[in-house]
Amino acid sequence: MIRASILALALAFATAIPAAAQSQSTATLRVAMAGLAHGHADGFLNHIKDRHDVELVGIAEPDKAIFDRYAAKFNLDPKLYHADLDELLTATKPQAVLVYTNTHDHVHAVEICAKHKIPVMMEKPLAISIDDAHAIERAAKSANIPVLVNYETTWYRSNRAAYDLVHENKIGEVRKVVVHDGHSGPAKINVQSEFFAWLNDAKLNGAGALYDFGCYGADLMTWLMDGRRPDSVTAVTQHFQPNTYKVDDEGTILVTYPKAIAILQASWNWPFDRKDMEVYGETGYAITVKRDDVRVRLPGEQQENLVNAKPIPAPEDDSINYLRAVVLDNLKPSGLSALDTNVIVTEILDSARQSAASGKTIHLKP
């Protein structure tokens, strides 16, 4: 019995998923960048430098010195530079905009893109407050444009495998989820100075580690729960490095549902980088191990098994592939990147901030 279940599990995880049935456009997607203050801009520019299906047509960044630094590193054409996003969109007419501003400025960027009816993908999280999230939602709806939120963990095979085990009823209904996210802190990992400046500013970041890394767990839990809003949110923030940060560097969020609970641990104090998740069902569990592996124990088994998660099919395997499919192939956004999911994520984070400040549990209205 145990041998059979292990074999079935191995086949399920190791066999590659066939390519998506829908045809995918081979056209080049013309994109622009709004801002360079978010350190993930470096990863995006590195990601597209050898791709031929994406063309960068312009970058809007008010601080020319930041652009010049990136231009030197990635050999960017000086003509890509624009100081103003509205002017950039008028001049270049891209098919999509990738936002790398601080989180506070997401509303402004989306409203400008909505004016030009241009789709948006931004770096996590969506917004610093539920009011800002609703403003983004209104702008997207009025212009009929997709707004996506990019999380590194969206593209992890291990997270998709855990989700599949839940939704294929392999481990029973979800009862408890524990998510660990973070690193040793933006100061210790030497993020860019402009990135550190706004991460360390509650007005621009929403909070500190609570927002920077709490968003990952809130996103994953909302996805696992099929978009259900939680019943309550309780949070505690701590300040272990007051000489380094003006904002919280430790945040723990407790999110409850009628039959499930999530513990979201966001930290700038981990000894190592981590983005992992434990999902406990009624009859089994799945614990993700980095990007590609999962520790699984199914019903009837005496011990867990470490398995390699199967590849995620295109276009859901990569942020740029997904953006291309949404813009060029009219794929309807869903799940981890979708706006409706991330409005709920913002509600969780906003409630967590309120809870940490007041010392009280925040009960969400139906």
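Tutor: Buried means under 20% relative accessible area, exposed over 50%, and partly exposed in between (1.4 Å probe, protein chains only). The model is predicted, with local features needing pLDDT of at least 70 and side-chain atom pairs pLDDT 80 or more, while totals for chains, interfaces and linings use all residues. Residues are numbered from 1 along each chain as its sequence is written, and side-chain values use heavy atoms, without hydrogens and water.

Student: How many of the eleven residues of helix α7 are buried?

Tutor: Helices are DSSP runs (H or I, at least four residues), numbered from the N terminus. The buried residues of α7 include Arg 160, Tyr 163 and Asp 164. Helix α7 spans residues 157–167 and is mostly covered; the number buried is nine.

Student: Which residues have the most contacts inside the largest nonpolar core?

Tutor: A nonpolar core joins buried Ala, Val, Leu, Ile, Met, Phe, Trp, Tyr and Cys residues through side-chain atoms within 4.5 Å. The largest has 88 residues, and those with the most contacts inside it are Leu 126, Val 147 and Ile 253.

Student: At what angle do helices α2 and α3 pack?

Tutor: Axes are lines fitted to C-alpha atoms over the stretch in contact (heavy atoms within 4.5 Å), and angles run from 0 to 180 degrees between N-to-C directions. Helix α2 covers residues 40–48 and helix α3 residues 64–74. Their axes lie 11 Å apart, and the angle is about 30°.

Notes. Helices (H or I, at least four residues) and strands (E, at least two) are DSSP runs, numbered from the N terminus.
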